[in-house]
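Here are a few exercises to work through with the model open beside you. Grab a pencil and take them one step at a time.

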Amino acid sequence: MYLDVYIEDSFLGNQALTYDAHDFFVQPGTRVRITIRNRDIIGFVHRVYPREDKGFKVLPIQGVIDEAPILNEELFALAEWMRYRTVSPIIRCLQTILPNKLKPQSSAKAAKMERIVRRTDVDTVALTTRQQAFVDLFVIDQEMGVKEAQSIYSGFRTLVSKGYFELDDREVRYEEGVVEKSYHPLPLTADQQHVVDGVALNRAETYLLHGVTGSGKTEVYLQIAAKVRQQDQQVLILVPEISLTPQMIDRVSKRFGEDVAIYHSALNDQEKYEQYLRVKNHQVHIVVGTRSSVFMPFDNLGLIVVDEEHDSSYKQENVPYYHTRDIAIHRSETHQCPVILGSASPALETYARALRGVYTLLELESRINHNFPKVTVIDTQKALKSRQSAYLTEPLLAGIQARLDVNQQVVLLLNRRGYMTMLKTEDDEVLQCPNCDVALNYHKDDNSIRCHMCGYQIFGAPTINGKRVKLVGSGVGTQRLEEQIIALFPNARVGRMDADTTRKKNAHQQIIGDFIDHKFDILIGTQMIAKGLDIENVTLVGIVNADTSLAYTDYHAVETTFSMLLQAAGRSGRGRFEGEVMIQTANPDHYAIQCAIHQKYKHFFSQEMVYRKTASYPPYNYLISIILSDEDETKSFQAGQMYLDLIKDSGLQIIGPIMLRKMQRKHRCRIIIKGRDLEAMIALCHQSLDVFRTLNRTGVVVDVNPLTLE
Ligand code: ADP
Ligand code: ZN
């Protein structure tokens with residue numbers, strides 16, 4: 001038989017290579033070993049068919065890795081759909097769908113195996129009491145790890161030699177910590193009941209659940225999930241970044257106990273693979289997980305929830321540039337089940353679709369406890385004029401002190417990590433990353449100078465042209481804020497949560513756990529603390545600088561700022577005490593800030609839609625971004641010109657090519673296709689790229705519906 005095999009090679013695009021199965025039995029959806037130019041690599045079998053004349057010599061494969069397909073038909077079809085929609089190589093889609101352990105790539109390691117004993121069906125005779133007691137632990141075909149068997153009855157190998165047991169290897173299984181079910185359904189409010197009744201099971205339909213923070217959305221998900229479990233179907237609950245939402249995990253685990261698998265980026269490959277198998281083998285039926293869990297091997301899904309559906313972590317920012325929401329909706333169609341998109345500040349695109357009736361709109365308009373925090377806006381321009389710091393204004397400092405006095409807690413949000421966010425030489429030149437066109441940051445804790453784009457770092461004083469230079473820094477990052485807060489409130493206990501303090505596994509949970517236990521009074525952090533935190537004793541949330549994200553030139557910046565403010569405001573006053581939010585900004589009248597203060601989503605939506613319409617941005621138009629990159633600037637620009645020539649007569653609106661900031665040493669040239677007919681735009685991309693790849697070897701990356709144009 002001949003095999004069409006996909007391999008990792010960026011220039012092949014979606015082309016498969018043909019190999020001969022030789023003596024091996026091979027099925028589609030399995031991995032095989034092949035050699036190319038003396039390299040051993042792993043390929044993914046797409047098609048198996050009888051030998052035919054190819055006009056070239058077909059080489060044999062070297063071996064077979066999987067006896068049975070590792071992807072079911074649905075996931076294979078999903079990979080095909082995804083490669084078309086995202087205009088990406090199929091192999092990259094397959095790699096995205098499969099857990100690392102199973103990825104068809106050269107570096108993938110084999111699954112971890114363990115030795116086990118298995119009870120055979122041979123009847124026992126003349127056993128000792130110890131032996132009989134051991135045998136009685138098993139039914140026919142039941143397995144046990146050798147180590148465990150050894151610890152129960154060290155002489156079990158005698159029973160193996162008598163044929164009562166056999167030894168075998170199996171993939172290491174995940175040992176679950178037992179979770180006590182302790183959380184009972186709450187009697188729903190009339191509004192919640194209305195939402196639960198409004199979601200039809202066993203039918204593919206997309207719902208938008210728009211409800212302010214604290215309106216009881218999570219309770220609604222849990223009760224619909226319970227109905228789905230009663231029908232013996234599976235449930236997928238997607239959350240933005242799991243380590244940031246320990247409370248969601250906690251609530252789902254307590255409601256459904258051992259029926260829940262948690263899947264997120266902090267798990268190592270082996271742990272992820274074990275969770276994957278538990279779902280595949282129907283050991284668990286509910287998955288709570290981040291982006292990649294949308295590819296779990298479900299075969300009977302009854303509900304998908306996308307919580308905080310506006311969150312940008314749902315978009316994968318490398319090839320394939322997929323959006324989790326799109327995959328979720330696609331899978332719901334395959335499984336004929338509902339999808340609930342939930343948010344207090346839905347993405348503009350989502351809300352616009354709900355208004356047009358593409359999605360069904362469900363609303364929860366009031367908070368369960370009917371308390372909204374008091375919001376105060378502090379004008380930092382005025383503060384500067386009265387010689388206060390724009391980072392720690394007098395009202396904010398007074399607010400912090402007042403909370404400390406009554407033993408309550410404070411969250412301070414500053415969306416910049418590091419100590420100083422810009423460094424200048426004495427000649428007033430900004431110190432830039434050698435690999436990227438961005439300013440370098442200073443980190444005081446390890447005295448390093450770092451690039452937040454590519455990870456470039458130097459320690460100690462930098463040298464330029466062989467000469468040590470003295471630097472003047474400016475800008476405040478979380479480290480510097482922490483230092484200032486400690487100096488101003490020497491008796492307060494202060495914690496910090498940002499990408500630098502959360503590198504270690506479980507660091508998020510540790511910090512949040514300590515904060516919940518009131519081991520410190522003030523938590524300083526980047527936007528990662530704005531989400532999902534529900535702590536009764538937090539009565540003040542200070543947004544140190546609401547303008548950091550407004551300053552971006554990106555078309556999404558205003559929306560991002562608005563939803564960040566809305567989320568952050570939702571962190572305060574969730575319990576018995578009245579909460580307050582203080583927002584420091586140089587633009588107090590900006591509509592994003594005004595609408596967030598007054599919790600006016602709909603108002604914000606109409607205003608922002610006007611801007612999007614004027615600029616003909618999404619959701620009024622679709623965008624596809626095509627980036628050609630090369631270490632050589634001229635080559636990347638020439639590639640852009642060449643690509644432009646291929647599409648300029650298509651009748652679609654084309655913007656560019658323009659050169660973007662250099663990133664990770666690559667000069668990048670971008671072209672944007674803009675229009676209302678996404679199908680035609682995607683088709684144009686496919687056609688033109690097929691031609692382009694035969695003419696030019698420059699790397700091309702396509703992002704359909706890009707979230708950012710930076
Ligand atoms: P959201 O997910 O919209 O932020 P939650 O589901 O977390 O809202 O609900 C907010 C708070 O209200 C939680 O502490 C939750 O336990 C509580 N809650 C939710 N529904 C009810 C209910 N029907 N009765 C009483 N308390 C509820
Ligand atoms: Zn860099």
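**Exercise 1.** Which elements do the buried residues of α2 pack against?

*Solution.* A bit of housekeeping: this is a predicted model, where local features need pLDDT of at least 70, side-chain atom pairs count only at pLDDT 80 or more, and totals for chains, interfaces and linings use all residues. Residues are numbered from 1 along each chain as its sequence is written, chains are lettered from A and ligands numbered from 1 in the order in which they are written, and side-chain values use heavy atoms, with hydrogens and water left out.

Step 1: find helix α2 at residues 90–97 (helices are DSSP runs of H or I, at least four residues; strands are runs of E, at least two).
Step 2: pick out its buried residues, 7 of 8 (buried is under 20% relative accessible area, exposed over 50%, partly exposed in between, with a 1.4 Å probe and protein chains only). They are I90, I91, C93, L94, Q95, T96 and I97.
Step 3: look for their partners, and you get β1 (2–6), β4 (39–49) and α1 (73–85) (contact means heavy atoms within 4.5 Å).

**Exercise 2.** Which atom of R251 lies 2.8 Å from an oxygen atom of ligand 1?

*Solution.* Step 1: check R251, and it's a polar side-chain atom.
Step 1: compare G214, which uses a polar backbone atom, 2.8 Å from a ligand 1 oxygen.

Terms used
Polar contact = N/O pair within 3.5 Å; in protein donor to acceptor, adjacent residues only side chain to side chain.
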